[in-house]
Amino acid sequence: MIPTLYKSALHPREVRALFKLKLKGQQFIVPKESLEELVLKLDDKAFCCAALTKVSRSFAAVIQQLPEDLKNAVCAFYLVLRALDTIEDDMKFPQAEKLTLLRSFYEKSYDENFTLQNVGDQEDYRVLLAHYDKVVRFFKSLNSGYRDVIVEITKKMGNGMADFAENEVVSVDDYNLYCHYVAGLVGIGLSDLFFASGLENPELKNQHDLSNSMGLFLQKTNIIRDYHEDLFSDRTFWPKEIWGKYANELVFFTENPHAPKSLECLNEMVMNALHHLPDVIDYLSMLKNESVFRFAAIPQVMAIATLAAVFNNPKVFTGVVKVRKGLTARLMLYDLSLEDTLRYFKKYAGVFLRKSPTGSDIHRQLLTWSKEVNRKIKEN
Ligand code: IN0
């Protein structure tokens with residue numbers, strides 16, 4: 001808490017938010033015991049809620065403010081996807097078995113005997129998979145409208161992940177397709193869950209492109225931010241079609257973090273992600289329910305703040321660049337509206353422009369982009 005406060009010291013509103021969140025935090029209790037200890041104490045639903053707080057940290061609170069039915073559906077969806085992701089990420093899992101499991105994972109949604117031992121590179125993920133039968137029973141308690149959406153998305157995502165476990169991301173098309181599988185489909189699934197809840201604008205169900213962009217904006221931000229971590233765990237999602245213009249090997253950037261070519265590459269990756277923002281604005285403008293809005297908007301504001309922090313920043317190549325936790329706290333506490341969200345987007349659009357050298361190619365692209373973003377903002 002103290003180091004977090006220190007970083008937010010010049011932002012008094014964030015300091016206040018951090019303290020309030022600490023108090024309000026009692027509402028979203030993150031249990032002190034380990035998940036393994038909690039298995040023995042909690043019923044299926046309580047275990048799933050606890051697992052959510054363990055695996056998604058601050059995001060769990062954003063899910064928990066959704067209306068009861070939709071909250072349970074999103075919680076189950078999140079845990080199913082996290083399980084799938086854990087299988088995909090486990091580099092020790094034998095490849096052939098991994099592919100079969102990714103492609104058939106959706107079939108386990110109704111199998112109360114299904115558990116997986118010793119899979120996952122973090123303790124909480126391992127416990128989640130070791131007690132997956134609990135997720136299955138919680139999933140089965142949802143109504144059929146929600147269940148069908150979750151199974152369909154899990155099937156498509158597992159197959160897409162398996163395709164990419166065999167083939168690398170090379171072209172920009174591959175990059176968009178990979179991000180579609182792991183995140184765009186989440187956006188499409190969430191729009192379908194909102195529809196099934198009856199709480200949201202029914203038009204959302206047909207907005208596949210906008211829903212997809214919501215996921216792509218988040219996932220591309222993660223991929224850019226995680227360059228260093230991913231490079232050292234021997235995987236990479238940066239498309240060669242982009243980085244190949246600046247270097248012969250991806251490690252060049254780590255070895256030369258301050259080289260103009262390294263920063264130009266990073267900035268092109270950021271610009272590529274920023275092109276999804278107009279769709280994000282259109283999607284968020286369609287939402288009607290306030291708690292659904294906050295659930296959808298908070299990760300997008302965190303993403304643009306992260307992109308602004310990584311833009312033109314050599315530290316991406318040598319470690320992790322993170323946004324201040326105080327910002328998350330503030331976004332969660334003050335009931336974020338569309339107006340506030342658009343104000344954040346406008347503010348960060350200015351940050352990108354200021355961080356790019358006047359007259360440079362990237363500056364020109366950002367100018368065109370920010371005109372479009374500002375036009376969208378005025379429309380709403
Ligand atoms: C998410 C998304 C998410 C939330 C709301 C609307 C969305 C619309 C389209 C696509 C995804 C949407 O949000 C989470 C946010 C999250 O988990 N944050 C982490 C922080 C972090 O760095 O990991 C936290 O601990 O707070 C998200 O990142 N993903 C996700 C997964 C499932 C669901 Cl149901 C919603 C993951 C991903 C890959 C971006 C889709």
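Phe345 is buried, at 0% relative accessible area (buried means under 20%, with a 1.4 Å probe and protein chains only). Phe345 sits in helix H20, residues 338-355 (helices are DSSP runs of H or I, at least four residues, numbered from the N terminus). Its contacts include Leu277, Val280, Ile281 and Leu284 (contact means heavy atoms within 4.5 Å). Gln300, Val301, Ile304 and Ile377 are also touched by Phe345, not counting residues up to four places away in sequence. Cys265 lies 80 residues from Phe345 in sequence and 23 Å away in space, C-alpha to C-alpha.

The model is predicted; local features need pLDDT of at least 70, side-chain atom pairs count only at pLDDT 80 or more, and totals for chains, interfaces and linings use all residues. Residues are numbered from 1 along each chain as its sequence is written, and side-chain values use heavy atoms, without hydrogens and water.

The ligand is surrounded by 20 residues (a heavy atom within 4 Å). Ser56, Ser58, Phe59, Tyr78 and Gln219 are the closest. The shell comprises 13 nonpolar, five polar and two charged residues (Tyr and Cys count as nonpolar, Gly as polar). Helices H5 (58-64), H6 (68-89), H11 (172-197), H12 (208-225) and H18 (290-310) each supply at least two shell residues. The ligand lies between domain 1 (24-143) and domain 2 (168-380), because both give residues to the shell; the domain bounds come from an automatic or database assignment.

For Tyr78, a side-chain N or O atom is 2.9 Å from a ligand oxygen. The protein covers 83% of the 770 Å² of accessible area that the ligand has on its own (Shrake-Rupley method, 1.4 Å probe).

Conventions. A polar contact is a pair of N or O atoms within 3.5 Å; within protein, one must be able to donate a hydrogen and the other to accept it, and residues adjacent in sequence count only if both atoms are side-chain atoms. Buried means under 20% relative accessible area, exposed over 50%, partly exposed in between (1.4 Å probe, protein chains only).
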